[in-house]
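Please read the points alongside the sequence and the coordinates.

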Amino acid sequence: SHLNNLLEEIRECRLCEEHLPSGPKPVVQADSKARILIVGQAPGRKVHETGIPFNDPSGDRLRDWMGIEKSIFYDATQIALLPMGFCYPGTGKSGDLPPRPECAEAWREKLLARLPKVQLTLVIGQYAHKYHLAERQSKTLTETVKAWREFRGEGLMPLPHPSPRNNIWLKRNEWFEKDVLPALRNKVKKLIKK
């Protein structure tokens with residue numbers, strides 16, 4: 001299929017090679033049957049080493065938020081994983097560097113066009129919010145996530161990053177666990193084929 005050819009091209013991509021301290025190693029998961037799309041930021045070091053997306057504590061928390069097992073999470077026919085940057089960007093002073101901008105420019109539209117069945121897009125973290133919600137995002141990530149109901153009609157769900165770095169945010173924003181997560185799990189349950 002067209003999608004498979006595109007994924008092969010992406011796995012060979014060397015666009016930002018000179019900016020990637022660990023070298024290029026695009027990490028994506030997609031199939032034209034997927035009904036859920038997860039948009040993260042970019043792979044971290046551990047994901048870069050294993051080549052498995054969300055193969056880290058962030059992934060454990062995300063699966064818990066969604067109420068699903070690894071077997072479903074890594075089933076490309078159910079869930080597409082397309083971070084804003086497909087390669088590990090390296091580390092800066094306060095955590096990983098932002099996803100490389102070249103990535104979305106080169107690949108994003110082409111990929112999204114080949115995922116016709118997607119009914120729910122989990123938009124995770126500020127770089128994903130910026131791209132997928134554009135001028136509709138609020139001033140802060142917190143306000144954007146708080147306004148999650150406004151995006152339901154388009155099947156978009158803005159989320160904070162499930163990283164352990166966000167533990168304090170999660171403690172401060174109890175409404176997230178109370179209001180957003182049950183709605184998320186419910187929607188995921190409806191879209192998953194057992």
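1. Contact is taken here as heavy atoms within 4.5 Å. On that basis, and not counting residues up to four places away in sequence, Ser-163 touches Ser-58 and Arg-61. The model is a predicted one, in which local features need pLDDT of at least 70 and side-chain atom pairs count only at pLDDT 80 or more, whereas totals for chains, interfaces and linings use all residues. Residues are numbered from 1 along each chain as its sequence is written, and side-chain values use heavy atoms, with hydrogens and water left out.

2. Helices (H or I, at least four residues) and strands (E, at least two) are DSSP runs, numbered from the N terminus. Ser-163 belongs to the loop between strand S6 (156-159) and helix H8 (167-172). Is Ser-163 buried or exposed? Ser-163 is buried, since its relative accessible area is 12%; buried means under 20% relative accessible area, exposed over 50% and partly exposed in between (1.4 Å probe, protein chains only).

3. Helix H3 covers residues 57-66, and its buried residues are Ser-58, Gly-59, Leu-62, Arg-63, Trp-65 and Met-66. Seen down the axis of H3, these buried residues fall within an arc of 155 degrees, so they line one face of the helix. The arc is that of the directions from the helix axis to the C-beta atoms. Just after H3, Gly-67 adopts a positive phi of about 75 degrees.

4. The sheet is open and comprises 4 strands in the order S2-S1-S5-S6, with parallel pairing; two strands pair if DSSP finds at least two bridges between them. Strand S2 (79-81) and S6 stand at the edges with a single partner strand each, so one side of each has no neighbour in the sheet. From one strand to the next, the twist averages 15 degrees. Axes are lines fitted to C-alpha atoms, for helices over the stretch in contact, and angles run from 0 to 180 degrees between N-to-C directions.

5. In S5, 5 of its 5 residues are buried. Leu-120, Leu-122 and Ile-124 point one way from the strand, while Thr-121 and Val-123 point the other way. S5 is joined by 4 bridges to strand S1 (residues 36-39), and these two run parallel; 4 bridges also join S5 to S6, again parallel. Thr-121 is the bridge partner of Leu-37 and stands opposite Leu-156 in S6.

6. H3 lies across S1, S2, S5 and S6 and runs at about 145 degrees to S1. Helix H9 (residues 174-191) lies across S1, S5 and S6, at about 140 degrees to S6.

7. How many disulfides does the structure hold? There are 0 disulfides, a disulfide being a pair of cysteine sulfur atoms within 2.5 Å. The closest cysteine sulfur to that of Cys-16 is in Cys-13, 6.0 Å away and therefore too far for a bond. For Cys-103, the closest cysteine sulfur is that of Cys-16, at 6.3 Å, which is also too far for a bond. Cys-16 is buried, with a relative accessible area of 9%, and Cys-103 counts as buried at 10% relative accessibility.
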